[in-house]
Amino acid sequence: MSELKRTPLRDFHAAHGARLVDFAGWEMPVQYRSILEEHKAVRRAAGLFDVSHMGEVDVRGTDAARFLNRLVANDVSKLFPGRVLYTTMCYPGGGVVDDLLVYMRGADDYFLCINAGNIDKDVAWIRQQAAGFSVSITDRSDDYALLAVQGPRAAGIVQSLTGAKLGLVKYYHFMEATSRRHPLPGESHRLHG
């Protein structure tokens with residue numbers, strides 16, 4: 001049995017009493033005190049979820065859009081900077097490699113968010129498909145921590161942490177912003193609607 005991978009927040013979870021379990025090869029918190037209590041807190045206010053186990057990949061280069069349009073089933077040409085696309089990668093015979101999100105940062109600059117349990121397989125597939133395209137594929141999965149804030153008070157909580165106007169972030173759109181609290185050198189956050 002191989003050792004479980006850990007998110008950058010794993011020690012915080014352990015120090016605060018989280019019950020940690022194996023989730024797709026990652027040591028992840030499943031609960032702190034009570035699943036019912038935590039469910040009610042999210043439904044009534046908000047909950048913070050560590051999803052740092054997700055994979056992140058940069059796709060950059062003059063052929064980035066053309067390459068992604070070949071790689072995924074949805075139409076990447078519909079994107080513009082700040083827009084997110086949910087789609088699948090498919091095998092030539094039509095079976096699904098995986099589902100993912102494609103973020104467009106700029107004309108030749110895209111960011112992919114892929115499923116945790118498939119990072120190695122997905123990155124290998126993406127690199128294999130990139131042959132013949134003028135693109136660079138960079139696995140950034142170890143460079144990110146990712147938090148999801150959910151619940152009716154989530155937007156207000158996140159808004160209190162940044163001067164960015166979160167009300168402008170539409171569904172399946174994103175913006176990058178800086179945190180007002182506990183800033184780290186060069187810290188920025190991708191805020192996803």
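Guide: Here is a short tour, going through sheets, helices and a few single residues.

Visitor: What should I know before we start?

Guide: This is a predicted model, where local features need pLDDT of at least 70, side-chain atom pairs count only at pLDDT 80 or more, and totals for chains, interfaces and linings use all residues. Residues are numbered from 1 along each chain as its sequence is written, and side-chain values use heavy atoms, with hydrogens and water left out.

Visitor: And the helix and strand numbers?

Guide: Helices (H or I, at least four residues) and strands (E, at least two) are DSSP runs, numbered from the N terminus.

Visitor: How many bridges join strand 6 to strand 7?

Guide: Seven, with the two strands running antiparallel. V84, for instance, stands opposite Y103 in strand 7.

Visitor: What about strand 8, is it buried or exposed?

Guide: Six of the six residues of strand 8 are buried, so the strand is largely enclosed by the rest of the structure. Buried means under 20% relative accessible area, exposed over 50%, and partly exposed in between (1.4 Å probe, protein chains only).

Visitor: Which residues sit on its two faces?

Guide: D109, F111 and C113 are on one side of strand 8, with Y110, L112 and I114 on the other, and all are buried. In a regular strand, side chains alternate between the two faces of the sheet.

Visitor: Which residues does L112 bridge to?

Guide: L112 is the bridge partner of V57, and also of V102. Six bridges join strand 5 to strand 8, running antiparallel, and six join strand 7 to strand 8, antiparallel too. Strand 7 and strand 8 also form a hairpin, with two residues between them.

Visitor: At what angle do helix 3 and helix 4 pack?

Guide: Helix 3 (residues 64-71) and helix 4 (residues 119-129) pack at about 120°, with their axes 10 Å apart. That makes helix 3 oblique to helix 4; angles under 35 degrees count as roughly parallel, over 145 as roughly antiparallel, 65 to 115 as roughly perpendicular and the rest as oblique.

Visitor: Which residues meet there?

Guide: From helix 3 there are F67, R70 and L71, which meet W125, I126 and Q129 of helix 4. Contact means heavy atoms within 4.5 Å.

Visitor: Switching topic: what is the strand order in the three-stranded sheet?

Guide: That open sheet has the order 1-3-2, with mixed pairing. Strand 1 (5-6) and strand 2 (19-23) stand at the edges with a single partner strand each, so one side of each has no neighbour in the sheet. Two bridges join strand 1 to strand 3 (residues 26-31), and these run parallel. There, K5 stands opposite W26 in strand 3.

Visitor: Where is H13, and what does it touch?

Guide: H13 is in helix 1 (residues 10-15). At 7% relative accessibility, H13 counts as buried. Leaving aside neighbours within four places in sequence, H13 is in contact with A18, L20, P29, Y32 and D50.

Visitor: And V42, buried or exposed?

Guide: V42 counts as buried, at 19% relative accessibility, and has its place in helix 2 (residues 35-44). V42 and P152 are 110 residues apart in sequence and 7.7 Å apart in space, C-alpha to C-alpha. Not counting residues up to four places away in sequence, V42 touches G47, F49, Q150, G151 and P152.

Visitor: Last one: which residue has a positive phi although it is not a glycine?

Guide: A24 has one of about 55°. A24 sits in the loop between strand 2 and strand 3 and is partly exposed, with a relative accessible area of 49%. Y172 also has a positive phi of about 55° without being a glycine; Y172 is found in the loop between helix 5 (154-159) and strand 11 (174-177).

Conventions: Axes are lines fitted to C-alpha atoms, for helices over the stretch in contact, and angles run from 0 to 180 degrees between N-to-C directions. Two strands pair if DSSP finds at least two bridges between them.
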